[in-house]
Amino acid sequence: MTIKRYSLKLIDPNPWQTRQADDDAHVNQLAASIYTEGRLLQTPIGRSHPDKEGRIQLAFGMTRLAAYRKLASGEFQVDHVRVDPKPWRSMPVDVTKLSDERMAEWAIRENLDRKDLSPIEEAAAMRRQMQEFGKSRGAVALLFSIEPGSVSNKVALLDLPPDLQDLVHRGEMPERTARMFLQLGRLQPKEAGRVASELVSAGELDEGTVAQEVGRLMRTAAKEIMTPWDQGRVNGDWWRIEEEFKGPLQVTPAQAREAVEHLGKENAPVLMKADVELPIGKAASAILKELGEGRTPTELVELYAWP
């Protein structure tokens with residue numbers, strides 16, 4: 001490890017930092033504390049930039065960097081006295097060798113220690129760990145000190161429409177409530193965002209109210225999408241499946257229902273490929289083929305499985 005001072009202009013943030021913004025009040029408080037102490041109590045850790053010679057990437061210490069930039073701005077005041085910016089235009093960094101994976105882990109640990117990541121920021125960090133470093137759900141759960149099942153629930157938030165993600169990020173809608181919009185968000189993202197915003201504005205976020213409203217919209221969406229097939233009889237029953245597939249596929253209505261009721265979004269593509277010789281596989285495969293019209297297996301399964 002080598003500790004030396006680097007110009008603030010040569011220090012870059014951790015590329016795996018998922019926190020979207022610093023708390024300005026916290027940065028001001030830290031800047032005033034650093035000024036009073038005259039130094040950093042803990043030196044940030046970083047590495048030489050892998051692509052830009054002479055530059056440094058911070059592993060952790062982003063808030064300290066933001067505080068130094070405040071002190072170096074020439075506008076920051078402590079006790080109504082303007083701080084001389086010259087001593088703060090460089091910051092000490094403990095430079096060492098760090099892999100991309102270690103850099104990502106440092107970013108996560110720094111934020112978890114501060115407990116200031118939003119659910120959306122946490123979800124983004126989890127997904128990057130799995131996509132970029134091939135970590136399993138269990139490994140990500142261990143890194144975040146949560147149960148493996150919670151990883152899937154958290155990452156699912158990234159499937160929400162942007163408007164809904166913003167509500168969760170700002171703390172205006174709880175994660176559990178937001179996940180109730182996942183299916184509707186895939187089918188009608190604009191409508192899901194509109195309704196969610198209205199419920200937040202009205203303060204009507206109890207699960208019963210949200211479930212009732214989402215259910216109503218899902219049934220409306222299903223009816224609209226299935227209109228070309230329904231002849232007035234699909235809304236709420238299984239007429240289309242029973243009539244179209246019980247004959248040529250020799251499957252019973254019960255098997256057709258089972259094909260769509262028990263297909264989750266993860267299992268649908270697998271069943272389509274591997275089990276097409278089985279009655280249930282034939283039924284599901286035919287349903288998706290005949291009624292696809294640009295809809296994904298997940299969307300069709302959700303439509304048919306909706307009560």
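**Close-up views of a predicted model**

**View 1. Aromatic pairs in the predicted model.** The model contains four aromatic pairs, a pair being two rings of Phe, Tyr or Trp (its six-membered ring) with centres within 6.5 Å; planes under 30 degrees apart count as stacked, over 60 as edge-to-face and the rest as tilted. Trp-16 and Phe-133 make a tilted pair, with 6.2 Å from centre to centre and 45 degrees between the planes. Trp-16 belongs to the loop between β2 (11-12) and α1 (24-37), and Phe-133 to helix α4 (residues 119-133), so the pair ties together parts 117 residues apart in sequence. Helices (H or I, at least four residues) and strands (E, at least two) are DSSP runs, numbered from the N terminus.

This is a predicted model, in which local features need pLDDT of at least 70 and side-chain atom pairs count only at pLDDT 80 or more, whereas totals for chains, interfaces and linings use all residues. Residues are numbered from 1 along each chain as its sequence is written, and side-chain values use heavy atoms, with hydrogens and water left out.

**View 2. Accessibility of Trp-16 and Phe-133.** Trp-16 is buried at 11% relative accessible area, while Phe-133 is partly exposed at 21% (buried, under 20%; exposed, over 50%; partly exposed, in between; 1.4 Å probe, protein chains only).

**View 3. An aromatic cluster.** Tyr-35, Tyr-68 and Trp-88 together form one aromatic cluster.

**View 4. The buried side of helix α7.** In α7 (residues 162-169), the buried residues are Leu-164, Gln-165, Leu-167 and Val-168. These residues lie on the same side of α7, because they cover an arc of only 155 degrees around the axis, taken from the directions from the helix axis to the C-beta atoms. Gly-171, with a positive phi near 80 degrees, follows α7.
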